[in-house]
Amino acid sequence: MTTLLIAEHDNASIKDATNKTLTAAAALGADVHVLVAGENAKAAADAASKLAGVKKVLLADNAAYAHDLAEPLAALIVSLAPSYDAFVAPATSRFKNVMPRVAALLDVMQVSEIIKVVSPDTFERPIYAGNAIQTVKSKDAKKVITVRTSTFAAAGDGGSAPVENAAAVADPGLSSFVGEEVAKSDRPELTSAKIIVSGGRAMQSRENFAKYIEPLADKLGAGVGASRAAVDAGYAPNDWQVGQTGKVVAPELYVAIGISGAIQHLAGMKDSKVIVAINKDEDAPIFQVADYGLVADLYQAVPELTEALGKLGK
Amino acid sequence: MKVLVPVKRVVDYNVKVRVKSDGTGVELANVKMSMNPFDEIAVEEALRLKEAGKATEVVVVSIGPAQASETIRTGLAMGADRGILVKAEGNVEPLAVAKILKAVADAEKPGLIILGKQAIDDDSNQTGQMLAALLGWSQATFASKLEVEGSDFKVTREVDGGLQTVQLKGPAIVTTDLRLNEPRYASLPNIMKAKKKPIDDKNASDYGVDLTPHLEVLKTAEPPGRKGGVKVKDVAELVSKLKTEAGVL
């Protein structure tokens, strides 16, 4: 019995999502090996080898794995299938894309976005935007699982696993990489940020995001999020979206500004430790989940808050 | 080029679902049902391809109970040409859905299949990727832009860090994200016209697909509740509470 954890990484280092997924993978009770697939990814594989409890790291270093294309990555994972009983990956966009393809090729049903390992074949997962929690038992001999990382603690370092090369598999050649627009930012990533400041439709423009939300976020060392309404309206880029179909986050502090609190937004942030809501509509549903609610005009309250934090030495 | 669009009948997105008190599932009796919102985006995209002269026919297919024909009618009223209803009772898992859709695709030979990226009931986000695997086709999930280039496709995808553009060899699978388009409303004349459009009636057994679930649902429960907290009167009180009471500053 061995579990293969497929790592989220940027070739140079391992992402926090991998540390959190390791906690879920270890809960299956079997040895855990980690697959690092990328191009020039030796540094990431070395980082994975230091994770506590990892028994072996497989490095698949090949141009075919440089751009997260689903077809070659799925073919690689399937080629390793005979040696493993479970395949576990974080529910990031990369693995939401790849893992169901792996599951179908293995003729098993994926268990998506688990939030708890009840036993090695039984898991809890949210359905209906988190309005119900299903407990499911997988009858498949091999398990394919994606993990909602916000509900698992990050595993630390402490291991020294050997790194072995995994043989590359012929690229099916069905798709190719054309280009990408990746926002460069010094702010923490949403899924690992300790504090998140999010703006909603009431922000009215991208300029207001820059003028009100971002300075507050920077004062707090926070990541910046947005509601679906704000992203749809073009006030914020798609990768800022928090919600049922965007990113699911659970920071120490979540500050919702001008966000009404639609069900699908709450699905993405209601597990945050402390929630603050600033909204001028006192009946906004966001106040039903907020620990601290401030009924106020955000255009006055947010600069005041940013200034008050500055006085605190933030 | 023919475009196939699978659509799912789900609890309407405005309904707040209730978990049954005996833990066997969520309450579905007398609840408004609609087409999965991501599937509406898929139908819309297919129709735009047809209107642009890039697609010749748009076929909507649904797998589910007899009432799923209403969901197909919604697609026909938006402008799709014809429908296929594959009757199947109970919970049909994404893997079984993908197997049925593979059989439908083998018969229909579309150049493109557009699906919603996930259904808002089980939130699985699997069917499109599984179908691509079973057909051995290329895939682009979470699409925010789709361009036809001969029999191939250029697709911009919404990914964690921003946007990624990939080139797909056709035939291909594309799954929709929110920003791909804004679906149209069906006009009354088109709703009337849709009633005359053909829907082919099939059964899951016609395709020889085993519908036995691989995942056994042991129970369905309410999520742990979260209580609302307090209202603060001003920014000063908020900062003070965050610092001393919540300890997060």
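Predicted model: local features only at pLDDT ≥ 70, side-chain atom pairs only at ≥ 80, totals over all residues.

**Entry 1: a strand pair in chain A.** I began with strand S1 (residues 2-6) of chain A, which is joined to strand S2 (residues 31-38) of chain A by five bridges. The two strands run parallel. I picked one residue and looked up its partner: A:Leu4 has A:His33 as its bridge partner in S2(A).

**Entry 2: the record for chain A.** I checked UniProt, where an unreviewed entry annotates residues 3-181 of chain A as "domain: Electron transfer flavoprotein alpha/beta-subunit N-terminal". Over that span I get 23% helix and 34% strand. Its end C-alpha atoms are 34 Å apart.

**Entry 3: chain B overall.** I counted six helices and 13 strands in chain B. Of its 249 residues, 50% are buried. The C-alpha atoms fill a box of roughly 65 × 45 × 40 Å along the principal axes. I also sorted the contacts in chain B between residues at least 6 apart in sequence: 68% join residues at least 24 apart.

UniProt, again in an unreviewed entry, places the feature "domain: Electron transfer flavoprotein alpha/beta-subunit N-terminal" at residues 23-211 of chain B. That span is 30% helix and 31% strand, with its end C-alpha atoms 23 Å apart.

Entry 4: I followed an open sheet of ten strands with mixed pairing. I wrote down the order as S11(A)-S9(B)-S8(B)-S7(B)-S10(B)-S6(B)-S1(B)-S4(B)-S5(B)-S11(B). Strand S11 (175-182) of chain A and strand S11 (199-203) of chain B stand at the edges. Neighbouring strands are turned by 30° against each other on average, direction ignored.

Where do the chains meet in it? S11(A) pairs with strand S9 (residues 162-168) of chain B, antiparallel, over seven bridges. There A:Phe177 has B:Val166 as its bridge partner. Helix H3 (residues 94-108) of chain B packs on the sheet and touches S1, S4, S5 and strand S6 (112-116) of chain B. Its direction makes about 150° with that of S4(B).

**Entry 5: the contact between the chains.** I listed 72 residues from chain A and 66 residues from chain B in the contact. On the chain A side I sorted 38 nonpolar, 19 polar and 15 charged residues. Another strand link turned up: six bridges join strand S8 (residues 132-138) of chain A to strand S12 (residues 215-221) of chain B, antiparallel. In S12(B), A:Gln134 is partnered by B:Thr220.

**Entry 6: helix H6 of chain B.** I found B:Val235, B:Leu238 and B:Leu242 buried in helix H6 (residues 235-244) of chain B. Why one face? Down the axis of H6(B), the buried residues fall within an arc of 60°, so they line one face of the helix. B:Ala236 and B:Thr244, on the other side, are exposed. The buried residues of H6(B) pack against elements of both chains, including helix H8 (298-311) of chain A and strand S13 (230-232) of chain B.

Key
Residues numbered from 1 in each chain as written. Chains lettered and ligands numbered in written order. Helix = DSSP H or I, 4+ residues; strand = E, 2+ residues; numbered from the N terminus. Buried ≥ 20, exposed ≤ 12 C-beta atoms within 10 Å, placed from the backbone. Contact = placed C-beta atoms within 7 Å. UniProt positions renumbered as here; feature names shortened; annotations may be inferred. Nonpolar A, V, L, I, M, F, W, Y, C, P; charged D, E, K, R; others polar. Pairing = 2+ DSSP bridges. Arc of directions from axis to C-beta. Axes fitted to C-alpha atoms, helices over the stretch in contact; angles between N-to-C directions.
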